Amino acid sequence: MSDILNAYIAQSDDVIADTFTGEGFRCSVDLSDGTHLPCVMLRRPEKTIDLALRRFKDEQSGRGVFRTMDNGYRKVVKSFVTSGNKVSSYDIESVRPSIFAIPLELLEEIQGETFMSWTGWVFEMNDGALFSFGTTFLFDFFSLPEKYNFSDVAKVHNHSYVGMDGTIASIHENRESYVQLLSSKSIQVFRERPYFKCYVDEI
């Protein structure tokens with residue numbers, strides 16, 4: 001199925017750039033057994049291979065991030081070979097855009113971290129409905145409010161959330177209250193979704 005995936009990559013303008021792993025192409029796929037995966041990131045393997053070899057070499061020479069730990073080399077190998085969700089390209093029957101991928105032009109309107117390790121914002125829909133969103137570091141795929149798509153978004157309110165009274169509040173001005181509401185799940189915040197990586201070789 002590499003020809004199908006390469007064709008999708010060639011025509012896709014939904015390109016997420018990553019310093020370490022290169023370009024990514026967000027999509028949804030159907031597997032040969034009928035399983036539907038709504039969130040998949042297609043990538044070329046070269047940069048990930050190069051990164052792994054570099055990290056392995058650093059750990060072996062005592063310059064790696066795990067250098068102060070026992071079995072540092074094993075830990076870095078483990079992080080590359082046993083972690084993360086992956087799907088094999090040869091198991092994919094069909095591929096199409098994912099409804100859970102925020103369009104790039106909309107994604108660009110979301111500004112930086114709200115506070116360390118967290119970004120929060122509000123999407124205002126065309127009908128005036130307001131929804132809080134938030135994430136640690138992953139911006140690739142997000143859950144959606146029922147009956148809405150990202151094409152329904154009319155405006156982005158950065159560093160904001162929808163309060164208990166249904167109005168928009170500034171996270172910066174109400175950080176303690178926001179964190180408490182977030183921790184207690186007293187407000188609904190749409191979060192990042194888990195996804196599968198699929199490495200595609202060029203043909």
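1. Salt bridges come up 3 times in a search of the whole structure, a salt bridge being a side-chain nitrogen of Lys or Arg within 4 Å of a carboxyl oxygen of Asp or Glu. Please keep in mind that this is a predicted model, where local features need pLDDT of at least 70, side-chain atom pairs count only at pLDDT 80 or more, and totals for chains, interfaces and linings use all residues. Residues are numbered from 1 along each chain as its sequence is written, and side-chain values use heavy atoms, with hydrogens and water left out.

2. Arg-26 pairs with Asp-14, their closest N and O atoms being 2.6 Å apart. Arg-26 sits in strand β2 (residues 22-31) and Asp-14 in the loop between α1 (2-11) and β1 (15-18), 12 residues apart. Helices (H or I, at least four residues) and strands (E, at least two) are DSSP runs, numbered from the N terminus. Both Arg-26 and Asp-14 are buried, meaning under 20% relative accessible area, with exposed over 50% and partly exposed in between (1.4 Å probe, protein chains only).

3. Strand β2 also holds Asp-30, while Arg-96 lies in strand β4 (residues 92-96), so this pair ties together parts that are 66 residues apart in sequence. The closest N and O atoms of Asp-30 and Arg-96 are 2.7 Å apart. Asp-30 is buried at 18% relative accessible area, whereas Arg-96 is partly exposed at 36%.

4. Glu-192 and Arg-191 form another salt bridge, with closest N and O atoms 3.1 Å apart. Here Glu-192 is buried at 18% and Arg-191 is partly exposed at 32%.

5. As for the protein chain overall, 5 helices and 11 strands are present, and buried residues make up 43% of its 203 residues.
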